[in-house]
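Work through the exercises below with the sequence and the model side by side, and try each task before reading its solution.

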Amino acid sequence: ILTGDSQTIEMKTGPVDLVFIDGDHSYEGVKSDYERFGLRLRQGGALIIDDAEDDGVFTPFAKDGKRLVEEIVQSGAFRHIKTVGRMVHLERVE
């Protein structure tokens, strides 16, 4: 488990099984986290993005995460598995 500022933390890894994104809620911030860490997922790996669905409480945070989820799924590299509350689970397919 790595913790720190996702914009500046450096890490060297091979493919990973799970990436959980819950940080900067701006579109640019969540997209940067996805590009820096989500693309390290192996095929079949799980990408969980928090605050990517509107639950009526954190509404201002949801629109940017949801926008990115839609773009990721449209790219064909990931498929939507399940939404639970504010979290969206995607699986790497290519």
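Helices (H or I, at least four residues) and strands (E, at least two) are DSSP runs, numbered from the N terminus. The model is predicted, so local features need pLDDT of at least 70 and side-chain atom pairs count only at pLDDT 80 or more, while totals for chains, interfaces and linings use all residues. Residues are numbered from 1 along each chain as its sequence is written, and side-chain values use heavy atoms, with hydrogens and water left out.

**Exercise 1. Describe how strand S4 pairs with strands S3 and S2.**

Solution. Two strands pair if DSSP finds at least two bridges between them. Strand S3 (residues 78-84) meets strand S4 (residues 87-92) in the antiparallel sense, over six bridges. Within this pairing, Phe78 stands opposite Arg92, and Arg79 has Glu91 as its bridge partner. S3 and S4 form a hairpin with two residues between them, and Gly85 in the turn has a positive phi of about 60°. S2 and S4 also run antiparallel, joined by four bridges, and Leu47 has Leu90 in S4 as its bridge partner.

**Exercise 2. Which residues of the largest nonpolar core touch the most other members?**

Solution. A nonpolar core is a set of buried Ala, Val, Leu, Ile, Met, Phe, Trp, Tyr and Cys residues joined through side-chain atoms within 4.5 Å. The largest such core has 19 residues, and those touching the most other members are Leu47, Ile49, Ile72, Phe78 and Leu90. Two or more residues come from each of S1, H1, strand S2 (41-49), helix H2 (59-75) and S4, and H1 gives the largest share, four residues. In soluble globular proteins, nonpolar side chains tend to be buried together.

**Exercise 3. What is the volume of the largest cavity, and which residues lie nearest its centre?**

Solution. On a 1 Å grid over the protein atoms alone, a cavity is a set of points where a 1.4 Å probe fits but cannot get out, and lining residues have an atom within 4 Å of a point. Grid points are joined across faces, edges and corners, and a volume is the space filled by probe spheres set on the points. The largest cavity has a volume of about 60 Å³. Eleven residues line the largest cavity, and Asp24, His25, Val30, Asp50 and Asp51 lie nearest its centre. H2 supplies the largest share of this lining, three residues.

Key. Buried < 20%, exposed > 50% of the residue type's maximum accessible area, 1.4 Å probe, protein only. 1 Å grid on protein atoms, 1.4 Å probe; cavity = no way out; pocket = protein on both sides within 12 Å on 5 of 7 lines; lining within 4 Å.
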